[in-house]
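Open the model in your viewer and keep the selection panel at hand.

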Amino acid sequence: MIVVEKRGPVGWIVFNQPAKRNALSNAMWRAIPEAMRRFEADPEVRCVAFRGAGIEAFSAGADISEFEKNRSQKASVAEYDDLLDKVLHSIQGSRKPTVAMIYGYCLGGGLEIALACDLRYCGQSAQFGIPAAKLGLGYNVEGHKRLLETVGHAQAREIMLLGRRYSADEALHMGLVNKVFADGDLEAQSADILAALAANAPLSIANSKTIFEEYVKAQGIPDAEAMRAAIERCAKSEDYQEGRRAFMEKRKPSFRGK
Ligand code: COA
């Protein structure tokens with residue numbers, strides 16, 4: 001589940017499924033927009049922060065054990081991607097500054113949430129990646145877009161095509177995170193940053209966020225149909241079944257491009 005709590009001027013959303021490295025179940029995804037709505041409407045909340053329970057993981061991404069049920073048929077894949085869009089827009093569309101505080105694994109959907117935040121700070125232990133190509137998964141449009149906006153084409157392509165994991169220092173070098181701290185310093189450093197954000201003028205922050213968003217929107221209109229079709233092709237594939245089964249059975253997948 002997610003834990004939603006207010007600590008002073010900071011609204012915290014904590015991913016809490018430690019036995020699965022804080023993987024995000026459908027119920028957890030669904031709870032995020034409501035938490036964001038609450039924080040948005042609460043004038044005492046001046047910034048919103050995300051973290052995982054404990055220090056092993058921010059989140060290891062979407063809960064793969066639910067894929068067979070929630071993310072295998074064409075209709076359910078589209079529904080799932082719509083839910084993801086809603087979640088990410090609720091974060092990215094917030095007028096308040098948003099921060100991801102990252103220990104340990106930050107993978108797939110976990111990284112997507114972090115990328116929807118304004119700022120990302122991590123501990124030295126953090127590891128980043130989007131292993132869609134290791135699961136046969138057709139990663140969603142918004143996720144590609146945010147990655148591209150954050151790290152540019154060269155890095156975004158490597159991250160997606162190799163699907164490998166990157167250390168905190170590599171993530172810093174690629175521009176995936178704003179700063180890396182020693183694990184033991186991350187909480188105190190993040191607290192200082194959150195306090196500084198909370199003390200700044202909310203309308204100035206909202207103004208900058210609006211302008212950044214509008215500039216991003218202004219960059220041409222992609223072919224939505226072609227992108228949707230590419231994702232569906234993965235969703236219907238044998239490789240995608242193979243990818244998620246191999247993960248559950250703890251073996252290497254064997255992909256055939258079908
Ligand atoms: N969904 C569901 N379960 C997950 C999960 C996920 N995304 N990530 C980890 N888990 C579960 C594992 O199945 C395992 O469960 P078990 O104890 O019942 O066997 C438990 O969490 C611990 O994971 P394990 O792989 O044993 O830990 P690790 O420290 O060796 O490796 C990860 C951690 C995160 C590197 C590895 O679990 C992993 O690669 N997870 C999948 C990441 C991924 O593909 N995310 C993208 C989804 S779109």
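**Stop 1: the second largest cavity.** This is a predicted model, and the tour begins with its second largest cavity, which has a volume of about 30 Å³. Select Lys74, Val77, Ala78, Asp81, Arg228, Ile231 and Glu232 to see the lining of this cavity. Two elements, H3 and H9, each give two or more residues to that lining. H3 gives the most, with 4 residues.

**Stop 2: the largest cavity.** The structure holds 2 cavities of 30 Å³ or more, so please move on to the largest one, with about 50 Å³ of space. Its lining is made of Arg71, Val77, Asp81, Leu137, Gly138, Ile231, Cys234, Ala235 and Tyr240. Keep Val77, Asp81 and Ile231 selected as you go: they line the second largest cavity and the largest cavity. H3 and H9 each supply at least two residues here too. Which helix provides the largest share of this lining? That is H9, with 3 residues. By class, the lining of the largest cavity divides into 6 nonpolar, 1 polar and 2 charged residues.

**Stop 3: the largest pocket.** Now turn to the open spaces. About 1400 Å³ of space lies in the largest pocket. To find its centre, select Val141, Glu142, His144, Lys145 and Met227, which lie nearest to it among the 46 lining residues. Next, show four helices as cartoons: H3 (74-92), H5 (141-162), H8 (202-217) and H9 (224-235) each supply at least two residues of the lining. H5 provides the largest share, 13 residues. If you colour the lining of the largest pocket by class, 19 residues are nonpolar, 12 polar and 15 charged.

**Stop 4: the second largest pocket.** The next selection is the second largest pocket, with a volume of about 1000 Å³. It is lined by 40 residues, and Ile64, Leu107, Pro131, Leu135 and Phe247 are the closest to its centre. Around them, bring up H3, strand S6 (105-107), helix H4 (109-116) and helix H10 (238-248), the elements that give two or more residues to this lining. The largest share, 4 residues, comes from H10. The classes here are 21 nonpolar, 8 polar and 11 charged residues.

- From Ala60, a polar backbone atom is 2.9 Å from a nitrogen atom of the ligand.
- From Arg21, a polar side-chain atom lies 3.1 Å from an oxygen atom of the ligand.
- From Ala19, a backbone N or O atom lies 3.3 Å from an oxygen atom of the ligand.

To finish, switch to a surface view. Taken alone, the ligand exposes 860 Å², and the protein buries 69% of that area.

Definitions and conventions
Residues are numbered from 1 along each chain as its sequence is written. This is a predicted model: local features need pLDDT of at least 70, side-chain atom pairs count only at pLDDT 80 or more; totals for chains, interfaces and linings use all residues. Side-chain values use heavy atoms; hydrogens and water are left out. On a 1 Å grid over the protein atoms alone, a cavity is a set of points where a 1.4 Å probe fits but cannot get out, and a pocket is an open set with protein on both sides within 12 Å along at least five of seven lines; lining residues have an atom within 4 Å of a point. Grid points are joined across faces, edges and corners, and a volume is the space filled by probe spheres set on the points. Ala, Val, Leu, Ile, Met, Phe, Trp, Tyr, Cys and Pro count as nonpolar, Asp, Glu, Lys and Arg as charged, and the others, Gly among them, as polar. A polar contact is a pair of N or O atoms within 3.5 Å; within protein, one must be able to donate a hydrogen and the other to accept it, and residues adjacent in sequence count only if both atoms are side-chain atoms. Accessible areas come from the Shrake-Rupley method with a 1.4 Å probe; for residues, only the protein chains shown count as cover.
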